[in-house]
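Subject: Structure handover

Hello,

Here is the structure for your files. Please open it alongside this note; the findings follow below.

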Amino acid sequence: MYNKNMNKIAEALKSKKIRPTMTRLAVAEIFFESFDHPSAEDLLLKIQKKFSYISRATVYNTLELLAKKGLAKKRAIKSGRFIYDPVISPHHHFVDKISGKIYDIPWDKAKLPEKISIPGFETEDYYLVIIGKKLKEEK
Ligand SMILES: [Zn+2]
């Protein structure tokens with residue numbers, strides 16, 4: 001199980017002062033390859049398929065820890081659930097209302113102000129959530 005990729009993940013965790021336990025590494029390994037904006041529950045299913053001994057609490061706690069330490073973005077894109085995004089650089093999201101899939105959209109596709117200040121609120125993060133449908137690719 002310990003391969004080159006795992007070493008890289010261990011280094012990433014250590015750089016954020018997260019102790020790289022075997023279970024955290026297992027959760028992080030699967031999370032860092034999940035670019036489909038999974039919820040904690042989606043990740044739990046995926047992780048337990050490979051590592052059946054990892055508990056729900058470990059998965060949830062590890063995802064929260066990764067988000068708290070800046071290795072993941074916890075986002076509210078669709079109503080009723082949070083998703084975890086391994087892409088932490090600024091980007092927008094497009095929700096296909098037919099399939100429910102969430103696509104990453106480059107930051108420069110939409111012009112937003114460099115800073116958003118709203119009296120009485122402290123802004124942590126912002127991005128657009130664009131809703132529509134994905135067109136069939138032309139061949
Ligand atoms: Zn994203």
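Two residues count as in contact if their C-beta atoms, placed from the backbone, lie within 7 Å. Helices (H or I, at least four residues) and strands (E, at least two) are DSSP runs, numbered from the N terminus. This is a predicted model: local features need pLDDT of at least 70, side-chain atom pairs count only at pLDDT 80 or more, and totals for chains, interfaces and linings use all residues. Residues are numbered from 1 along each chain as its sequence is written.

Domains

The protein splits into domain 1 (4–82) and domain 2 (89–132). These bounds come from an automatic or database domain assignment. The C-alpha centres of the two domains lie 22 Å apart.

The buried residues of α2 pack against α1, α3, α4 and β2. They are Arg24, Leu25, Ala26, Val27, Ala28 and Phe31. Buried means that 20 or more other C-beta atoms lie within 10 Å of the residue's own; exposed means 12 or fewer, and partly exposed is in between.

A nonpolar core is a set of buried Ala, Val, Leu, Ile, Met, Phe, Trp, Tyr and Cys residues joined through C-beta atoms within 7 Å. The largest one here has 16 residues. Within it, Ala28, Phe31 and Leu63 touch the most other members. At least two residues each come from α1 (4–15), α2 (22–31), α3 (40–50), α4 (56–68) and β2 (82–85). The largest share, five residues, is from α2. Leaving out residues up to four places away in sequence, Ala28 touches Ile9, Leu13, Thr62 and Leu66.

The hairpin

Two strands pair if DSSP finds at least two bridges between them. Strand β1 (residues 73–76) pairs with β2 in the antiparallel sense, over four bridges. Arg75 has Ile83 in β2 as its bridge partner. Five residues lie between the strands of this hairpin, and Gly80 takes a positive phi near 90° there.

The three-stranded sheet

An open sheet of three strands runs in the order β4-β3-β5, with mixed pairing. β4 (102–106) and β5 (129–132) stand at the edges with a single partner strand each, so one side of each has no neighbour in the sheet. Strand β3 (residues 91–96) pairs with β4 in the antiparallel sense over five bridges. Val95 stands opposite Ile102 in β4.

Best regards
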